[in-house]
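Please open the model in a viewer and keep the selection tool at hand.

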Amino acid sequence: MRVLCWLVLAMAAGGVAGLALFIYALPSPNQPLSEVRAGDGIVVPTGGYARVATGLDLLAMADVKLLITGVYPETTLESLLAGAQRPAPACCLELDYSAGNTAGNAAAAVAWAEANGLDRIHLVTSWYHMPRSRLLFQSALPSAAILPHPVFPADGAGPWWLNARNIRLVLAEYAKFLWAWTRLQIGGEVSA
């Protein structure tokens, strides 16, 4: 019984330490971002506030290619652009309808990056989603540089830890991150 108590205590301490490291890895709104340069790729997994708009803004900055992945089958390019309140780009935008989760987004990015000869990928996703997304994208594209472009809420409501919704988001993402990390460590397929 004593060994079991120590084991539970050690697991709890490990979980708290892991959460602290995860929180430390969350991007900051003040963090400098990598410059978008000609020949780069931009990947936007759908599903969060202003991701598509941010990806389109980056596309307008340089001669790059953009993949929006995880698009619902019924969604058209026109409706995505309308939702992002952005005009249609002149070129270099592809939509992926196959991905149903973050691991699927990374898998779609592999095929797209290989087809376009890309080795610098700007990953545009929500701030709380960035650690797990980077983990999965870097695992799927080990020879590519995965450059984070986190998206933050526009309301500037203050630090995330003062908002109950954001606390729930971070805790849920930490659990998903642990699952993805564990699956990668044991060599399994990640379905998160």
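Select aspartate 57, which counts as partly exposed because its relative accessible area is 36%. The model is a predicted one, and residues are numbered from 1 along the chain.

How many salt bridges does a search of the whole structure find? The search gives 3. In general, side chains of opposite charge can pair when their charged atoms come close.

Select arginine 120 and aspartate 40 next; they form a salt bridge in which the closest N and O atoms are 2.9 Å apart. Arginine 120 lies in strand 4 (residues 120–126) and aspartate 40 in the loop between helix 1 (2–25) and strand 1 (41–45), so this pair ties together parts that are 80 residues apart in sequence. Are these two residues buried or exposed? Both arginine 120 and aspartate 40 are buried.

Then select arginine 132 and glutamate 173, another salt-bridged pair, with the closest N and O atoms 2.8 Å apart. Here arginine 132 of helix 5 (residues 130–140) is linked with glutamate 173 of helix 6 (residues 164–185), 41 residues away. Arginine 132 is buried, with a relative accessible area of 3%. Glutamate 173 counts as buried as well, at 4% relative accessibility.

Which residues of helix 5 are buried? They are Met130, Pro131, Arg132, Ser133, Leu136 and Phe137. To see their surroundings, show helix 1, strand 1, helix 4, strand 4, strand 5 (145–151) and helix 6, against which the buried residues of helix 5 pack.

Move to helix 4, where tryptophan 112 lies. Tryptophan 112 is buried, with a relative accessible area of 5%. What is tryptophan 112 in contact with, leaving aside its neighbours within four places in sequence? Its contacts are Gly41, Ile42, Val43, Lys65, Leu66, Leu67, Glu94, Leu118 and Ile121.

For a sense of distance, select glycine 18 as well: from C-alpha to C-alpha, glycine 18 and tryptophan 112 are 33 Å apart in space, and they are 94 residues apart in sequence.

The space in the second largest pocket amounts to about 520 Å³. Colouring the lining by class shows 12 nonpolar, 11 polar and 4 charged residues.

Which helices each supply at least two residues of the lining? They are helix 2, helix 4 (102–116) and helix 6. The largest share comes from helix 6, with 4 residues.

Most residues other than glycine have a negative phi. Select alanine 50, whose phi is positive, about 60°, although alanine 50 is not a glycine. Alanine 50 sits in the loop between strand 1 and helix 2, and is partly exposed at 27% relative accessibility.

Go on to cysteine 92, in the loop between helix 3 and strand 3. Cysteine 92 likewise is not a glycine and has a positive phi, about 70°. At 22% relative accessibility, cysteine 92 counts as partly exposed.

## Last stop: the whole chain

Read from the N terminus, the elements follow the order α-β-α-β-α-β-α-β-α-β-α. The radius of gyration is 18 Å, close to the 16 Å given by the globule rule for 192 residues, so the chain is as compact as a globular protein of that length. Along the principal axes, the C-alpha atoms fill a box of roughly 65 × 40 × 35 Å.

Colouring by accessibility brings out the buried residues, which make up 40% of the 192 residues. Of the contacts in the chain with a separation of 6 or more, 76% are between residues 24 or more positions apart.

Definitions and conventions. Side-chain values use heavy atoms; hydrogens and water are left out. A salt bridge is a side-chain nitrogen of Lys or Arg within 4 Å of a carboxyl oxygen of Asp or Glu. Buried means under 20% relative accessible area, exposed over 50%, partly exposed in between (1.4 Å probe, protein chains only). On a 1 Å grid over the protein atoms alone, a cavity is a set of points where a 1.4 Å probe fits but cannot get out, and a pocket is an open set with protein on both sides within 12 Å along at least five of seven lines; lining residues have an atom within 4 Å of a point. Grid points are joined across faces, edges and corners, and a volume is the space filled by probe spheres set on the points. Ala, Val, Leu, Ile, Met, Phe, Trp, Tyr, Cys and Pro count as nonpolar, Asp, Glu, Lys and Arg as charged, and the others, Gly among them, as polar. The radius of gyration is taken over C-alpha atoms; the globule rule is 2.2 Å times the number of residues to the power 0.38. Contact means heavy atoms within 4.5 Å.
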